[in-house]
Amino acid sequence: MITRARVSGCFGSSMVAGAVLMLSALAGAALTGAFAGLLGAAVEPSTRALLAAAAVSAVIVGAALRPVPWQLDRETDPRWLGYDDWRTAAYNGFALGLGFTTRIGFWLWYVVPLAAFVAADPVVGAAGHAVFALTRVGLSVLLTSADVYIAGGITRARTMADPLALAALGALYPVLAPLL
């Protein structure tokens, strides 16, 4: 979708569209994470621990029984391509940043909202979700840019995807360590 998202006027470049996509993804992710953190803060610690244990158990059972995670099995709205301006990038980024509004693709995603809930801190929740958005959308922008500007770039950029994903999980380590 990034290749179709153009910002009208003198900023009609894919670089600006990529920035709009990233910023809107970060906004959606930060809102989701802050909400999960606030929700956790509103629940008594013993109840929060019980709910977290139940959620982890449900995800483990779900992952054992089905290869595809529970998700809204859809892409972002293709009608957004009709805007052909900054809204395409903004709406797509926001939906991807929220995380749960499109395909998730892997069971490990559930660690992100669970960590925000358990941390019971809206700032930590927003930061954790922002890291998720940076990896999910940032890698897409990186791969698209590499494919547009470098011959065979998408193949070269994929070799960087795994180290970046590990770095994102490492950034969540301070939140996840107390859970272990």
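The dialogue below goes from the whole chain to single residues.

Student: What should I know about the model before I begin?

Tutor: This is a predicted model, in which local features need pLDDT of at least 70 and side-chain atom pairs count only at pLDDT 80 or more, while totals for chains, interfaces and linings use all residues. Residues are numbered from 1 along each chain as its sequence is written, and side-chain values use heavy atoms, with hydrogens and water left out.

Student: How many helices and strands does the protein have?

Tutor: Helices (H or I, at least four residues) and strands (E, at least two) are DSSP runs, numbered from the N terminus. Here the protein has six helices and zero strands, so that from the N terminus on its elements read α-α-α-α-α-α.

Student: What share of the residues is buried?

Tutor: Buried means under 20% relative accessible area, exposed means over 50%, and partly exposed lies in between (1.4 Å probe, protein chains only). Of the 180 residues in the protein, 38% are buried.

Student: How do I read contacts along the chain?

Tutor: Contact means heavy atoms within 4.5 Å. Among contacts in the protein between residues at least 6 apart in sequence, 73% join residues at least 24 apart. A related case, given by C-alpha distance, is the pair A127 and A34, which are 93 residues apart in sequence and 8.4 Å apart in space; A127 belongs to helix α5 (residues 122-149) and is partly exposed, with a relative accessible area of 42%.

Student: Which residues does L134 contact?

Tutor: Leaving aside neighbours within four places in sequence, L134 is in contact with M22, L26 and L139. L134 also lies in helix α5, its relative accessible area is 44%, which makes L134 partly exposed, and its C-alpha atom is separated by 9.2 Å from that of A29, 105 residues apart along the chain.

Student: At what angle do α2 and α4 pack?

Tutor: Axes are lines fitted to C-alpha atoms, for helices over the stretch in contact, and angles run from 0 to 180 degrees between N-to-C directions. Helix α2 (residues 45-65) and helix α4 (residues 111-119) pack at an angle of about 170 degrees, with their axes 10 Å apart. That makes α2 roughly antiparallel to α4, since angles under 35 degrees count as roughly parallel, over 145 as roughly antiparallel, 65 to 115 as roughly perpendicular and the rest as oblique.

Student: Which residues of α2 and α4 meet?

Tutor: From α2 come R48, L51, A52, A55 and V56, and they meet L114, F117 and V118 in α4. Ala, Val, Leu, Ile, Met, Phe, Trp, Tyr, Cys and Pro count as nonpolar, Asp, Glu, Lys and Arg as charged, and the others, Gly among them, as polar; by these classes the contact has seven nonpolar, no polar and one charged residues.

Student: Is R48 buried or exposed?

Tutor: R48 is buried yet has no salt bridge, a term for a side-chain nitrogen of Lys or Arg within 4 Å of a carboxyl oxygen of Asp or Glu. Lys and Arg count as positive and Asp and Glu as negative, while His and the chain ends are not counted; the nearest side chain of opposite charge to R48, that of E44, is 9.4 Å away. Not counting residues up to four places away in sequence, R48 touches G40, A41, V43, F117, V118 and A120.

Student: Where is A120 placed?

Tutor: A120 is in the loop between α4 and α5, and its phi is near 55 degrees, a positive value in a residue other than glycine. At 18% relative accessibility, A120 counts as buried.
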